[in-house]
Amino acid sequence: GVDIIIALDVSNSMKAEDIRPNRLERSKQALSRLIDGLVNDRIGMIVFAGQAYVQLPITTDYGAAKLFLQSIETEIIPTQGTCIGCAIELAEKSFVGNDNKHKALVIITDGENHEEDAVDAAKKANELGIIIHTIGMGSVDGAPIPIYRNGMQVDFQKDHDGNTVITKLETLTLERIAAEGKGVFIQASNSDDGLNTILNQINKMEKKSFGTKQFTGFEDRFQYFLAAGLLLLLIEYSITERKSRIIQRLNLFNE
């Protein structure tokens, strides 16, 4: 298989609902289907906003991947922003092995990059053998960012001047990142999230052989049963002694 790292944008702009149910939830649904379509590949996950963090190290445990995916929300990263370059640099460190191939990075974001280093980071990563695909989650017309309380929408996010913030998909940045990463850019829509195209690209990659290790830890618990057995022996001994004394006192066996 190949090694795949998913970098998922969890900034507040991913709450926009131009992609239903919203950008983040649609991304998670798409990733769940991507995991279902993997065979023998290893997968890892990175979440990013103003900073990037490893959500799941490279693994072949698809069940764990889906479990970690379900826990992703915009609140898990306190620093807001969209630092795509941070996610690319972290992905470089998160891939295992020293080979310069068999590695794919899939970035899912609305493209509102707040840093200027993303394209350069993509070029550097590709020199290390990492193919970078980008999926633009959102619309070019944009949408407001809803604010929910107790499951009810109460308002839209506003700027310092009190104007409603409209977040738009920035395709140019994502196209340039994919071009430097020798990958493809897909603009998601309500009818097609682009994951099938990405899967096809991954399946065309040269595969490598790797092994996995499974560790089973045993904990000795025989002492509990040994203690219970000794306790029962003591009880049996005390009961037997008491019976013997009672029998001797009754003198039942003397002529």
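Me: How many salt bridges does this model have, by the rule used here?

Reply: The count comes to eleven salt bridges. Keep in mind that this is a predicted model.

Me: What makes E25 and K28 a salt bridge?

Reply: A salt bridge needs a side-chain nitrogen of Lys or Arg within 4 Å of a carboxyl oxygen of Asp or Glu. For E25 and K28 the closest N and O atoms are 3.5 Å apart, so the pair meets that limit. Both residues belong to helix α1 (residues 23-36), three residues apart, which is about one turn of the helix.

Me: Is K28 buried or exposed, and how do you know?

Reply: Buried means under 20% relative accessible area. K28 has 9% relative accessibility, so K28 counts as buried.

Me: Why is the contact of D36 with K66 called a salt bridge?

Reply: The closest N and O atoms of D36 and K66 are 2.9 Å apart, and the rule asks for within 4 Å, so the name applies.

Me: Why is D36 called exposed?

Reply: The word exposed is kept for values over 50%. D36 has a relative accessible area of 53%, so D36 is exposed. K66, at 25% relative accessibility, counts as partly exposed.

Me: What about K158 and D155: how do you know that they form a salt bridge?

Reply: Their closest N and O atoms are 2.8 Å apart, and this is within 4 Å, so the pair qualifies. K158 counts as partly exposed at 37% relative accessibility, and D155 does too, at 34%.

Me: Which residues are linked in a network of salt bridges?

Reply: D18, R23 and D110 are linked in such a network.

Me: How do you know that C83 and C86 form a disulfide?

Reply: The two sulfur atoms must lie within 2.5 Å. From C83 to C86 the S to S distance is 2.1 Å, so the pair passes. A search of the whole structure finds one disulfide. The link of C83 and C86 is right-handed, with 70° about the S-S bond.

Me: Is C83 buried or exposed, and what makes it so?

Reply: C83 has a relative accessible area of 3%, so C83 is buried. C86 counts as partly exposed because its relative accessibility is 26%.

Me: Why are β4 and β5 said to pair?

Reply: Two strands pair if there are at least two bridges between them. Strand β4 (residues 103-109) and strand β5 (residues 130-136) are joined by seven bridges, so they pair. These two strands run parallel, and the bridge partner of I108 in β5 is I135.

Me: What is the order of the strands in the open sheet of six?

Reply: The order is β3-β2-β1-β4-β5-β10, with mixed pairing. The edge strands are β3 (52-59) and β10 (185-187), each pairing on one side only. On average, neighbouring strands of this sheet are turned by 15° against each other, direction ignored.

How values were computed: Residues are numbered from 1 along each chain as its sequence is written. This is a predicted model: local features need pLDDT of at least 70, side-chain atom pairs count only at pLDDT 80 or more; totals for chains, interfaces and linings use all residues. Side-chain values use heavy atoms; hydrogens and water are left out. Buried means under 20% relative accessible area, exposed over 50%, partly exposed in between (1.4 Å probe, protein chains only). Helices (H or I, at least four residues) and strands (E, at least two) are DSSP runs, numbered from the N terminus. Axes are lines fitted to C-alpha atoms, for helices over the stretch in contact, and angles run from 0 to 180 degrees between N-to-C directions.
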